[in-house]
Amino acid sequence: MKKIAIKGTGSFSPERVVPNSYFEKIIDTSDEWITTRTGIKERRMIEKGQAMSDLATLASASALQMAGISADELDLIIIGTSTADMLSPSAACMVQYRLGAKKAVAFDVNAACPGFIYGLAVAQKFMQDGSYSKALVVGGEIVSNRLDYKDRSTCVLFGDGAGAVVLEHSNGKDNGEILAMDIESDGDLWHLIHVPGGGSRIPPSHEMLNEGLQYLKMNGNEVFKHAVRTLVDSARKIMAQQGITSEEIDWFIPHQANIRIMDVVAEKLGIPTEKVIVTVHKYGNTSAATIPVAFDEAVRSGQIRKGDLVLVSSFGAGLTWGAALFRY
Ligand code: COA
């Protein structure tokens, strides 16, 4: 089986900064409540007219440039997203078109927040037997236009963004390697986070819009409990698989949904806070984009260096969850 490594990273976050003070003007909330309960101070949101593939294309171009490969060399494009530009075709096909990646097969993976980790796992499988050799995996999301700005328990939590990695085969020694992956789902818990309207069960209609069914609904307290359990279990599973202890982890990037979840998970895993990469204060929860954006920023700032052992884990609607362990 061929080894796979991350050769380039890229990310793009929209320029429009929406601070907590914006929500103080439109709903009954405060900067103090949002900061202490979530760790979020501000988030980025698109301008009207921008779509997911706009962000994903910019993130991808930057990852390709770092990897030193051109778009027409790609043979696989996978985008983890549940907010593609259109219901059909996939965001991956839009990005393929925008990049001019003519040789690639392109498709989306809809797994909510762990969409990037799911995409990485699928790409790894496709590449391990040598069928595919150069892959682009993106996690990107525009959550801002799925939010009910009258529901204070959800609208303050999310933002928009996209992050990307370019994968190539590796000799595994000095070129990095994806060591272990875990992806899991529990459809019994689908109702904890969902967007009821706009799909085939409740198609778009005036009635659907009037009832606000196009917006994200979430049971925050229940999600919180499952988030901690799944993030910890998944991370422990792959570390045990590789015989790696938490002391050996150089960097931990948990899904950036809530600083309290991240703190509890890091503590349970025995990973000190200095090793946890945090971006939730500036971007909020950008769903599938949180991990690749945080990873790219940590690489570009020099925090994560070649050879570092990195653990990432995520959870989200489905429920879905997963983790990845790799040497960068
Ligand atoms: N501003 C002020 N008050 C708010 C508020 C806001 N933005 N949102 C909720 N509240 C209120 C509630 O109405 C409730 O008031 P009540 O006691 O009068 O009924 C009170 O704050 C406590 O609500 P609760 O839901 O218990 O707060 P919490 O500490 O659990 O925090 C979340 C709420 C949503 C931040 C937290 O549950 C969470 O982060 N859950 C996980 C969500 C998540 O990660 N989702 C993404 C999955 S990918």
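**Figure 1. The loop that holds Ala-112 in the predicted model.** In this predicted model, Ala-112 is found in the loop that links strand E5 (105–109) with helix H5 (115–128). The phi angle of Ala-112 is positive, at about 55 degrees, although Ala-112 is not a glycine.

**Figure 2. The cis peptide bond between Ser-88 and Pro-89.** The bond that runs from Ser-88 to Pro-89 is cis, and its omega angle is near 5 degrees. Pro-89 belongs to the loop between strand E4 (76–80) and helix H4.

**Figure 3. The cis peptide bond between Gly-318 and Leu-319.** Here the bond from Gly-318 to Leu-319 is cis, with omega near -15 degrees. Leu-319 is placed in the loop between strand E12 (309–316) and strand E13 (320–327).

**Figure 4. The packing of helix H3 with helix H4.** Helix H3 covers residues 52–67 and helix H4 covers residues 91–99. The two helices pack at an angle of about 55 degrees, and their axes are 9 Å apart. Because of this angle, H3 is described as oblique to H4. The crossing by which H3 passes H4 is right-handed. On the H3 side, the contact is made by Met-52, Ser-53, Asp-54, Ala-56, Thr-57, Ser-60, Ala-61 and Leu-64. On the H4 side, the contributing residues are Ala-91, Met-94, Val-95, Arg-98 and Leu-99. Sorted by class, the residues of this contact of H3 with H4 comprise eight nonpolar, three polar and two charged.

**Figure 5. The crossing of helix H8 and helix H9.** Helix H8 (residues 220–242) and helix H9 (residues 259–269) cross at roughly 35 degrees, and their axes come within 10 Å. This crossing of H8 and H9 is right-handed. From H8, the contact involves Phe-224, Ala-227, Val-228, Leu-231, Val-232, Ala-235, Arg-236 and Met-239. From H9, it involves Arg-260, Ile-261, Val-264, Val-265, Lys-268 and Leu-269. The contact of H8 with H9 has eleven nonpolar residues and three charged residues, with no polar residues.

**Figure 6. The surroundings of the ligand.** The ligand is surrounded by 23 residues, of which the closest are Thr-29, Arg-37, Arg-152, Asn-221 and Asn-258.

Terms used
Residues are numbered from 1 along each chain as its sequence is written. This is a predicted model: local features need pLDDT of at least 70, side-chain atom pairs count only at pLDDT 80 or more; totals for chains, interfaces and linings use all residues. Side-chain values use heavy atoms; hydrogens and water are left out. Axes are lines fitted to C-alpha atoms, for helices over the stretch in contact, and angles run from 0 to 180 degrees between N-to-C directions. Helices (H or I, at least four residues) and strands (E, at least two) are DSSP runs, numbered from the N terminus. Angles under 35 degrees count as roughly parallel, over 145 as roughly antiparallel, 65 to 115 as roughly perpendicular and the rest as oblique. A crossing is left-handed if the near helix is turned anticlockwise from the far one by less than a right angle, and right-handed if clockwise. Contact means heavy atoms within 4.5 Å. Ala, Val, Leu, Ile, Met, Phe, Trp, Tyr, Cys and Pro count as nonpolar, Asp, Glu, Lys and Arg as charged, and the others, Gly among them, as polar. A residue is near a molecule or strand if one of its heavy atoms lies within 4 Å of it.
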